Amino acid sequence: MKFSGTNSEKSNLAEMIRKDIIGELEAINQYDLHYRMTDDPVAKKVFADIRDEEKVHVGELFTLLAYIEPEDAKFLAKGEEEVKEFIN
Ligand SMILES: [Fe+2]
């Protein structure tokens, strides 16, 4: 399925999604920091659970961005390939 809005709507939506991804990444770092700052086992479990939920949100948003901006998806795939060359 392809995004059906105007180019302006598409650009605004893509910008919003990128900002949302930034927020999710900052949240991951914050929850991970709080996870590492406590020794309480219940608090650690809660922080880890929330942190991992934020990682799922990052995946959802990147997938949404790829739907809105297929060109972005091509760049992401190119980056993935470049790193895989170093790994292999
Ligand atoms: Fe989130």
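Colleague: Let's start with a single residue. Which residues does L61 touch, leaving aside those up to four places away in sequence?

Modeller: Keep in mind that this is a predicted model. In it, L61 touches I17, D20, I21 and E24, with residues up to four places away in sequence left out.

Colleague: How far apart are L61 and D20 in sequence and in space?

Modeller: They are separated by 41 residues along the sequence, while their C-alpha atoms are 7.6 Å apart.

Colleague: Is L61 buried or exposed?

Modeller: To read this, count neighbours: a residue is buried if 20 or more other C-beta atoms lie within 10 Å of its own. L61 has 20 C-beta neighbours inside 10 Å, so it counts as buried.

Colleague: Where does L61 lie, and which residues of that helix are buried?

Modeller: L61 lies in helix α2. The buried residues of α2 are F47, L61, L65 and I68. Their cover includes α1 (7-37) and α3 (70-87).

Colleague: How many residues of α3 are buried?

Modeller: Zero of its 18 residues, so to speak a helix that is hardly covered.

Colleague: At what angle do α1 and α2 pack?

Modeller: Look at the two axes and their directions. α1 and α2 pack at about 160°, and their axes are 9 Å apart. Angles over 145 degrees count as roughly antiparallel, so that is how α1 runs relative to α2. The crossing in which α1 passes α2 is left-handed.

Colleague: Now the whole chain. How many helices and strands does the protein have?

Modeller: There are three helices and zero strands, and from the N terminus on the order is α-α-α. The radius of gyration is 17 Å, well over the 12 Å that the globule rule gives for 88 residues, so the protein is more spread out than a compact globule. Its C-alpha atoms fill a box of roughly 50 × 35 × 20 Å along the principal axes.

Colleague: What share of the 88 residues counts as buried?

Modeller: The share is 7%. As for contacts with a separation of 6 or more, 61% are between residues 24 or more positions apart.

Definitions and conventions:
Residues are numbered from 1 along each chain as its sequence is written. This is a predicted model: local features need pLDDT of at least 70, side-chain atom pairs count only at pLDDT 80 or more; totals for chains, interfaces and linings use all residues. A residue is buried if 20 or more other C-beta atoms lie within 10 Å of its own, exposed if 12 or fewer, and partly exposed in between; C-beta atoms are placed from the backbone. Helices (H or I, at least four residues) and strands (E, at least two) are DSSP runs, numbered from the N terminus. Two residues are in contact if their C-beta atoms, placed from the backbone, lie within 7 Å. The radius of gyration is taken over C-alpha atoms; the globule rule is 2.2 Å times the number of residues to the power 0.38. Axes are lines fitted to C-alpha atoms, for helices over the stretch in contact, and angles run from 0 to 180 degrees between N-to-C directions. Angles under 35 degrees count as roughly parallel, over 145 as roughly antiparallel, 65 to 115 as roughly perpendicular and the rest as oblique. A crossing is left-handed if the near helix is turned anticlockwise from the far one by less than a right angle, and right-handed if clockwise.
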